[in-house]
Amino acid sequence: MRLLVFFPGVIRGGCEEHAFVIIRAAVRGGDEVVACFPQTPGTRSLTDDIREAGASVLPWPLGEIVDGRMNLGSAQRQEGLAGPVLDTVNPDAILLFLPEPDSSMGFLTACADRGLPTVPVFCLVPPEWPVSEEDRRRGARARRARQRWVAISQDNRRHLATAFRIGAADEVDCVLNGVDLPRDWQEPDSGTVAAVRRAVREELVMPPTARIALTVARLAAPKGHADLLAAISELPAAADDVRFVWAGEGGEDERLLSLIERAGLDGRVHLLGHRQDVARLLHAADLFVFPTHWEGCSRALIEAMSAGLPIVASDASSNPELLDGGRLGLLFPARDRTALAERMSQALSEPDEMAAMAAKARSKARRELTEAAMCEGTLAVVDKIVRR
């Protein structure tokens, strides 16, 4: 099968990583894959990795960052540019990975007008996302054609149905995100873990006995870092040995550094920026803290589950789905800073109970939330729509 994979994002974020994993699986399965996306400094590494995986790359001319937000072009402009792409590739099927619900409606309707088997994967559907009436009409037109839409969590599926006024949520398929830890970090022995715990504390110039609470997320307001800073100030004295380590980059770094200084937390909060060794950090940490306001289906949270790290997370979006309603990690109401402090204090004071939860979370992640399960589920939808 000749498969066109399209995504409009201009950075290598979760949506783009999701697309890459599917591309790699499709190539391994024998498909001829062409990936179409913007060629920007933020996607350069992705271009290299996709070509190394055996797929072709076709540049998409739209996409830029304006005032901190992605500008992906109007639906009319997208539709006009989609025609030459479809003519060039002549695909048997199309997979679209959309970072926002209405980010590529022009490309979507161009595929529909040609009657091409198309599977859009909606990687993030925030609550009450404002979809225009024109885009709702485009969406209805697309769904009447040879398309089957996919959301990456039940929560996102409900919000997608609301945003596009889809009569029943089950008209949209749900395929959960899946993440595998690097092979070297899937089953590390106790000696390796002990060594990396020592090494990370030395690198960050913290006491060897310090406990680490790790957060992996973009430095962006919806990720809730400011809530976490406020909650740290409410922790009891028994948690004074805890150091908070944040891996991720983004436009909020200067504001957060100012808040850290104002709160007098310079020595307790460490901003690491983008890291390639997240699995190593997970095995060096004692707790994973995830205060996000909304998500698609968080890769970072699944990685923490797969590493067997105890978790405190907000009840936003798909987090309760992943953590079985709080049975596999402690949940708190999103944006509730006092509740976050209480859950962190509980987690830090009950290590045995948290370890038992973490073991169950690890089992679920290794069984259900894998790259293989995600790729199989997504490509099965493609196969079904092609046969139909």
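Me: In which element is His18 found, and why does this residue count as buried?

Reply: His18 is found in helix 1; helices (H or I, at least four residues) and strands (E, at least two) are DSSP runs, numbered from the N terminus. Its relative accessibility is 2%, and buried means under 20% relative accessible area, with exposed over 50% and partly exposed in between (1.4 Å probe, protein chains only). His18 therefore counts as buried. The model is predicted: local features need pLDDT of at least 70, side-chain atom pairs count only at pLDDT 80 or more, and totals for chains, interfaces and linings use all residues. Residues are numbered from 1 along each chain as its sequence is written, and side-chain values use heavy atoms, with hydrogens and water left out.

Me: Which residues is His18 in contact with, leaving aside its neighbours within four places in sequence?

Reply: They are Phe97, Val121, Cys123, Ile152, Asn177 and Met374. Contact means heavy atoms within 4.5 Å.

Me: What makes Ser104 buried or exposed, and where does this residue lie?

Reply: Ser104 has 1% relative accessibility and therefore counts as buried. This residue lies in the loop between strand 6 (93-98) and helix 4 (105-113). Not counting residues up to four places away in sequence, Ser104 touches Phe6, Pro8, Gln78 and Leu98. Between the C-alpha atoms of Ser104 and Pro120 there is a separation of 9.6 Å, and these two are 16 residues apart along the chain.

Me: Why is the aromatic pair of Phe7 and Phe37 called stacked?

Reply: Rings of Phe, Tyr and Trp (its six-membered ring) pair if their centres lie within 6.5 Å; planes under 30 degrees apart count as stacked, over 60 as edge-to-face and the rest as tilted. By this rule the count comes to 8 aromatic pairs. For Phe7 and Phe37 the values are 4.6 Å centre to centre and 10° between the planes, and the pair is stacked. Phe7 lies in the loop between strand 1 (2-6) and helix 1 (14-28), while Phe37 lies in strand 2 (residues 32-37), so the pair ties together parts that are 30 residues apart in sequence. Both Phe7 and Phe37 are buried. Ring pairs also link Phe6, Trp60 and Phe107 into a cluster.

Me: How do you know that the charged end of Arg12 sits over the ring of Phe20?

Reply: A charge sits over a ring if NZ of Lys or CZ of Arg is within 6 Å of the ring centre and within 35 degrees of the ring normal. The charged end of Arg12 is 5.5 Å from the centre of the Phe20 ring, and sits over that ring. Another arginine, Arg143, lies over the face of Trp149 at 5.0 Å from the ring centre.

Me: What is the phi of Glu128, and why is this residue called exposed?

Reply: Glu128 is not a glycine, yet its phi is positive, at about 55°. The residue is placed in the loop between strand 7 (118-122) and helix 5 (133-144). Its relative accessibility is 78%, so Glu128 counts as exposed.

Me: What makes Arg165 buried or exposed, and where is its place?

Reply: Arg165 has a relative accessible area of 55%, and is therefore exposed. Its place is in the loop between helix 6 (154-163) and strand 9 (173-174). Although Arg165 is not a glycine, this residue has a positive phi of about 55°.
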